[in-house]
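Try each task before reading its solution.

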Amino acid sequence: MAKQAQAGELRTRIYIRKTVKSVDDEGSPIEKEQSVFAPEEPERVWHCKWVNAYGTEAMAAMQFKVQEPATLTMRYSPLIRPDCRIYKLGDPAPYEIISVNDVEDRHRWLEVKVHRKEAAR
């Protein structure tokens with residue numbers, strides 16, 4: 001896994017959203033997704049290095065029935081947390097965050113493990 005990335009490797013464009021819970025006028029709960037960075041403004045595109053799982057990591061993921069595991073390396077932001085969802089640009093299905101690692105606790109790079117959100121059965 002990459003502990004850092006060169007600027008040219010940050011090719012994959014993503015959106016990072018969080019779920020906001022509120023209540024409507026009638027008292028019914030509403031869940032809405034909004035951008036982590038600027039909820040009122042147009043959504044900000046974030047760049048990252050996207051590496052799909054392969055080899056023994058992919059085999060272990062298949063045993064645990066994890067769909068499409070990947071590791072993302074991106075610039076640090078304290079707003080990216082495990083309760084966020086990640087969308088690849090042009091892909092409507094979200095990825096769930098498994099873990100967020102502040103590499104060497106330097107607040108420079110984040111290493112984020114994700115997998116495809118599984119549909120309900």
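**Exercise 1. Decide whether Tyr95 is buried or exposed.**

Step 1: Take the cut-offs, where buried means under 20% relative accessible area, exposed over 50% and partly exposed in between, with a 1.4 Å probe and protein chains only. Step 2: Tyr95 has 4% relative accessibility, so it counts as buried. Step 3: Apply the same test to Trp50, which at 12% relative accessibility counts as buried.

A word on the source: this is a predicted model, in which local features need pLDDT of at least 70 and side-chain atom pairs count only at pLDDT 80 or more, while totals for chains, interfaces and linings use all residues. Residues are numbered from 1 along each chain as its sequence is written, and side-chain values use heavy atoms, leaving out hydrogens and water.

**Exercise 2. Find the aromatic pairs and classify them.**

Step 1: Rings of Phe, Tyr and Trp (its six-membered ring) pair if their centres lie within 6.5 Å; planes under 30 degrees apart are stacked, over 60 edge-to-face, and the rest tilted. Step 2: Two such pairs turn up in the structure. Step 3: Phe37 and Trp46 are stacked, at 4.6 Å centre to centre with 10° between the planes. Both Phe37 and Trp46 are buried. Step 4: The ring centres of Trp50 and Tyr95 are 5.0 Å apart and the planes are at 75°, so this pair is edge-to-face. Step 5: Trp50 belongs to strand S3 and Tyr95 to strand S6 (residues 95-102), so the pair ties together parts 45 residues apart in sequence. Strands here are DSSP runs (E, at least two residues), numbered from the N terminus.

**Exercise 3. Work out which strands S3 pairs with.**

Step 1: Pairing requires that DSSP finds at least two bridges between two strands. Step 2: S1 (residues 12-23) pairs with S3 (residues 46-52) in the antiparallel sense, over three bridges. In this pairing, Ile14 stands opposite Trp46. Step 3: S3 and S4 (residues 70-75) also run antiparallel, joined by four bridges. Here Leu72 is the bridge partner of Trp50.

**Exercise 4. Describe the largest nonpolar core.**

Step 1: A nonpolar core is a set of buried Ala, Val, Leu, Ile, Met, Phe, Trp, Tyr and Cys residues joined through side-chain atoms within 4.5 Å. Step 2: The largest one has 18 residues, and those with the most contacts inside it include Ile14, Trp50, Leu72 and Ile86. Step 3: S1, S3, S4, S5 (84-88), S6 and S7 (109-116) each supply at least two of its residues.
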